[in-house]
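Hi,

Here is the structure I promised to pass on. Have a look at it first, and then read on for my notes.

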Amino acid sequence: MFDYNLEEMQHWEHSSYEPSLPITEKSNPITRDIDRASPAEIVQMLKKCDAEIFDRTTYLDSMYQKLNSCSMVQTMVEISKKVEIILKDPEKSLIVLSGCGTSGRVAFLLATSLNRWLAALHQKQIYSYIIAGGDKALLTSQEAPEDNPSLGALMLDKTSTGKKHILFIGISCGLSAPFVAGQLHFCLNNLDVFTPVLIGFNPVHMARSEPMQDFPFNFKEIAEKMSEMQKHQKAFVLNPAVGPEAITGSSRMKGATATKLMLETVFLAGHEAVYSNEAVTADNVMASVRMNEKVYETTYSQINKLAALLQKAGVSLREQGHVYYLGWQTLGIIGIIDASECTPTYGAAFEDIRGFISKGFSEMHNKEGDLSSVGPHFAIAHMDFVNAFLPSLTDNDMVIFLFSVEDDLNEVSELAKRVGQNTSNLHALIHDLEGHCVPKSVSGMFMTALNITWPSSLNKHSSVLMKQHWELSTKWCLNAISTGAHILKGKVYRNYMIDLRVTNSKLFRRAIRILQRFTNSTQAQCETALLRSIYEVEELTDEISSADVTQHTLMANQKDRVVPTALVMLQSGCMLAEAKSHLDAQPVIRDAVAACLRFS
């Protein structure tokens, strides 16, 4: 068993810990040996990392503001009051949430869920979302648009046509996405209409300072201007320090979780001010944060079953099988989101982990409607699974049902019977309520049934809040399962995504940093090795050397094992063909790297 006592290791908050990196790009000391951990130890590490979201500890030389700090709570209060104003005058008003990748998917989930809430109250739906790359990016990686600030501004302008008051919420976990920077800049130039809010998890001085494509400002300059304007409540920056990710830079995990719970806290306070006459106060905001902390505690009380599911998912992936999430309502969306993130994060095949939702796109409420005709990646209904995947299902394939006691249990049972005829590797994540549980006749159909029973005290406000808690809990569970499965498959080296896809400028720079960290080579040497791997050449041509990062990432998006190949070349000094051969012989990357280190 590993020893995780933070007092015995250097903590990320100390000023001397990886000082050149922003928080979101630092490695987390808790998970430094996660690639050698057992399933139960992996879950314990993830639990400790997620606890940092709610951490109240302050270190002597820390410069960071935590989620529970007075300044962050006050910022949430002020944003909630802006939400209240818009809800009171909805006709010419709009709340727009925007982001790239995971942040855009969170924006979609929140906007569509909140609109359903308003519709149930017979109120005007005033939430909208923007995701870089459009609705295709909800299911597949469309990361190139992230680097285009002008495109971001253009999409915001189009969404905002005809509105007089717009609360814009731009989500960029690392304070780095050019797409979002372009939108914030557009807002700052139109403050008569827009109130911009920046959500992220680095201090402003750690925001990205590199120049952006065809754009006069960098992200840091825009964030600094917003911080200055926050004094006059013309703009807001909500950027608590929640600690480095368990897997370095993987903001789909803690960053997305904190984004969801913070914004739901803000929106809940605004809604209650309008529809329940409860004034927005710091106490109410803190109560909501504490409620989410209870969700965290309840979820991670299931460590043993979570570890068992993680292990079975790892076995499936190692045996060239698949993991399928079959979900109902928004739990199905959480499954689709988790699955969609595995390809860019771990260089996984799209088919490795797939998510499906009961009625497909008719339940998604996405702007562009049914995308199932676009291609097989967009077949997301349960019937798509039954028709295309069920016939070839084997015991190497793992199926996880995601549902609650409030879903159609007859439908759940019928589908479980059909799936069970083809594989015994059938499991469930079930949300029960005190005094109202899924009957044993249903839960007993699954090899592993992870039942989470929620106390009524957690959900006293509304069914909407209850579903938000189920979503958050499901996200924590699926993040643990998919992350752990890829660790067990060998896709992680120490706590780094060594096989990430280099699909945008942020990931290009991250890849170079990873190579530097593990090879002690110079930045120039690492970039050369990375480009040799991307273009599959032994010597770089002048044309390759002079091309910009966008061209490099377009090429890299078509290639597999780009970073591992560069790493092996740097470690061993071997040629490209030899590096590829070495990786073919040792498909588990940590084994290939270890072998390389032994013989170098």
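How many bridges join strand β6 to strand β8, and do they run parallel or antiparallel? There are five, and the two strands, residues 323-327 and 398-404, run parallel. One of the residues involved is Leu326, whose bridge partner in β8 is Phe401.

Some housekeeping before the rest. This is a predicted model, where local features need pLDDT of at least 70 and side-chain atom pairs count only at pLDDT 80 or more, while totals for chains, interfaces and linings use all residues. Residues are numbered from 1 along each chain as its sequence is written, and side-chain values use heavy atoms, with hydrogens and water left out.

Now the sheet. Helices (H or I, at least four residues) and strands (E, at least two) are DSSP runs numbered from the N terminus, and two strands pair if DSSP finds at least two bridges between them. β6 and β8 belong to an open sheet of five strands in the order β7-β6-β8-β9-β10, with parallel pairing. At the edges are β7 (353-357) and β10 (448-454), each pairing on one side only. Neighbouring strands here are turned by 15° against each other on average, direction ignored; axes are lines fitted to C-alpha atoms, for helices over the stretch in contact, and angles run from 0 to 180 degrees between N-to-C directions. Helix α15 (residues 463-489) lies across β6, β7, β8, β9 (426-433) and β10, and runs at about 155° to β9. Contact, by the way, means heavy atoms within 4.5 Å.

On to the core. A nonpolar core is a set of buried Ala, Val, Leu, Ile, Met, Phe, Trp, Tyr and Cys residues joined through side-chain atoms within 4.5 Å; buried means under 20% relative accessible area, exposed over 50%, and partly exposed in between (1.4 Å probe, protein chains only). The largest one has 164 residues, and Phe385, Phe401 and Phe403 touch the most other members. Helix α15 gives the most to this core, with twelve residues. Apart from it lies another core, of 31 residues, among them Leu156 and Phe194. Leaving aside neighbours within four places in sequence, the contacts of Phe403 include Trp328, Leu409, Ile430 and Phe446.

Next, the aromatics. Rings of Phe, Tyr and Trp (its six-membered ring) pair if their centres lie within 6.5 Å; planes under 30 degrees apart count as stacked, over 60 as edge-to-face and the rest as tilted. That rule gives 20 aromatic pairs. Phe385 and Phe389 are stacked, because their centres are 6.2 Å apart and their planes are at 15°; both are buried. Tyr493 and Phe518 are edge-to-face, because their centres are 4.8 Å apart with planes at 75°. This second pair links distant parts of the chain, 25 residues apart: Tyr493 is in strand β11 (residues 492-493) and Phe518 in helix α16 (residues 505-519). Phe54, Tyr296, Tyr300 and Trp476 form one aromatic cluster.

Leu175 has a positive phi of about 50° although it is not a glycine, and its place is in the loop between β3 (165-171) and α5 (178-188). Leu175 counts as buried, at 0% relative accessibility. Arg561 also isn't a glycine, yet has a positive phi of about 55°; it is found in the loop between α19 (549-556) and α20 (562-572). With 26% relative accessibility, Arg561 counts as partly exposed.

Cheers
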